[in-house]
Amino acid sequence: MNKFNKKSGFTLIEVVIGMGIFSLVIVSLLSLVTSSTLGLKNSQYRLFTSIKTEAIKEWLWGEKEKNWQLFISKSDGKTYCLTDDFASKNISDSQPLTASECGETPSHFLHSFKLEKNGESIRSTISVSYKLNSKIVSSNTFTFDYTQHD
């Protein structure tokens, strides 16, 4: 009996087919992981926009309480862009910018507010957007009316 005539192991075609199936499974799993990661990042940024919107609302309320007359003077209907450190600044530091200038911030988040006179109150429109892969993905807009005696 010749031991070289025995068949054992896989043929070349079986190995190629097995590698192809293995490759398809790996590519599918990597695609799933990538899309899940982007979805988590998107959810995280959505949560941050809500938190930042609330922080700007509270900051504006504090600015209104400090100086109502200055608050009224900023109620010109212009959009004011904020940097990430807006909470450490005064409303008098805010300069009106165009929408394109506001979008040129290095941050992932774009913060802006607009104050308009609305009868006896001041209406604020707060907008917080975020960039994902250099595109503005989502925006959270909040409108609130302030009066002098809130």
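Of the 150 residues of the protein chain, 28% count as buried, where buried means under 20% relative accessible area, exposed over 50%, and partly exposed in between, with a 1.4 Å probe and protein chains only. The model is predicted: local features need pLDDT of at least 70 and side-chain atom pairs count only at pLDDT 80 or more, while totals for chains, interfaces and linings use all residues. Residues are numbered from 1 along each chain as its sequence is written, and side-chain values use heavy atoms, with hydrogens and water left out.

The accessible surface of the protein chain is about 10,200 Å², and 60% of that belongs to carbon and sulfur atoms; such areas come from the Shrake-Rupley method with a 1.4 Å probe, and for residues only the protein chains shown count as cover. Among the contacts in the protein chain with a separation of 6 or more, 56% are between residues 24 or more positions apart. Contact here means heavy atoms within 4.5 Å.

**Fold and strands**

The protein chain has 3 helices and 4 strands, in the order α-α-β-α-β-β-β along the sequence. Helices (H or I, at least four residues) and strands (E, at least two) are DSSP runs numbered from the N terminus.

Strand S1 (residues 76–82) runs antiparallel to S2 and is joined to S2 by 5 bridges. Strand S2 (residues 109–118) is in turn joined to S3 by 10 bridges, and these two strands also run antiparallel. Two strands pair if DSSP finds at least two bridges between them. S2 and S3 form a hairpin with 2 residues between them, and glycine 119 in the turn has a positive phi of about 70°. Strand S3 (residues 121–132) is mostly covered, with 10 of its 12 residues buried. Individual bridge partners are listed below.

| Residue | Partner | Strand of the partner |
|---|---|---|
| Leucine 82 | Histidine 111 | S2 |
| Lysine 117 | Isoleucine 122 | S3 |

**Aromatic residues around tyrosine 146**

A search of the whole structure finds 7 aromatic pairs. Rings of Phe, Tyr and Trp (its six-membered ring) pair if their centres lie within 6.5 Å; planes under 30 degrees apart count as stacked, over 60 as edge-to-face and the rest as tilted. Phenylalanine 71 and tyrosine 146 form an edge-to-face pair, with 5.5 Å centre to centre and 80° between the planes. This pair links distant parts of the chain, since phenylalanine 71 lies in helix H2 (residues 68–73) and tyrosine 146 in strand S4 (residues 135–146), 75 residues apart. Their C-alpha atoms are separated by 9.9 Å. Both phenylalanine 71 and tyrosine 146 are buried.

Tyrosine 146 also pairs with phenylalanine 144: the ring centres are 5.0 Å apart and the planes stand at 70°, so this pair is edge-to-face. Tyrosine 146 counts as buried at 1% relative accessibility, whereas phenylalanine 144 is partly exposed, with a relative accessible area of 27%. Trp68, Phe71, Phe142, Phe144 and Tyr146 form one aromatic cluster.

Lysine 57 meets this group at two places. Its charged end sits over the ring of phenylalanine 144, 4.7 Å from the ring centre; a charge sits over a ring if NZ of Lys or CZ of Arg is within 6 Å of the ring centre and within 35 degrees of the ring normal. The backbone oxygen of lysine 57 lies 3.0 Å from a polar atom of the side chain of tyrosine 146. Not counting residues up to four places away in sequence, tyrosine 146 touches Lys57, Leu60, Trp61, Lys64, Trp68, Phe71, Ser121, Ile122 and Ser124.

**Two further sites**

Asparagine 42 is placed in helix H1 (residues 12–66). Leaving out residues up to four places away in sequence, asparagine 42 touches Tyr130 and Val137. Asparagine 42 and valine 137 are 95 residues apart in sequence, with 8.5 Å from C-alpha to C-alpha.

Serine 92 is found in the loop between S1 and helix H3 (99–102). Serine 92 is partly exposed, with a relative accessible area of 35%. Apart from neighbours within four places in sequence, serine 92 is in contact with Leu70 and Lys74. The C-alpha atoms of serine 92 and leucine 70 are separated by 7.3 Å, and the two residues are 22 residues apart along the chain.

Methods: Polar contact = N/O pair within 3.5 Å; in protein donor to acceptor, adjacent residues only side chain to side chain.
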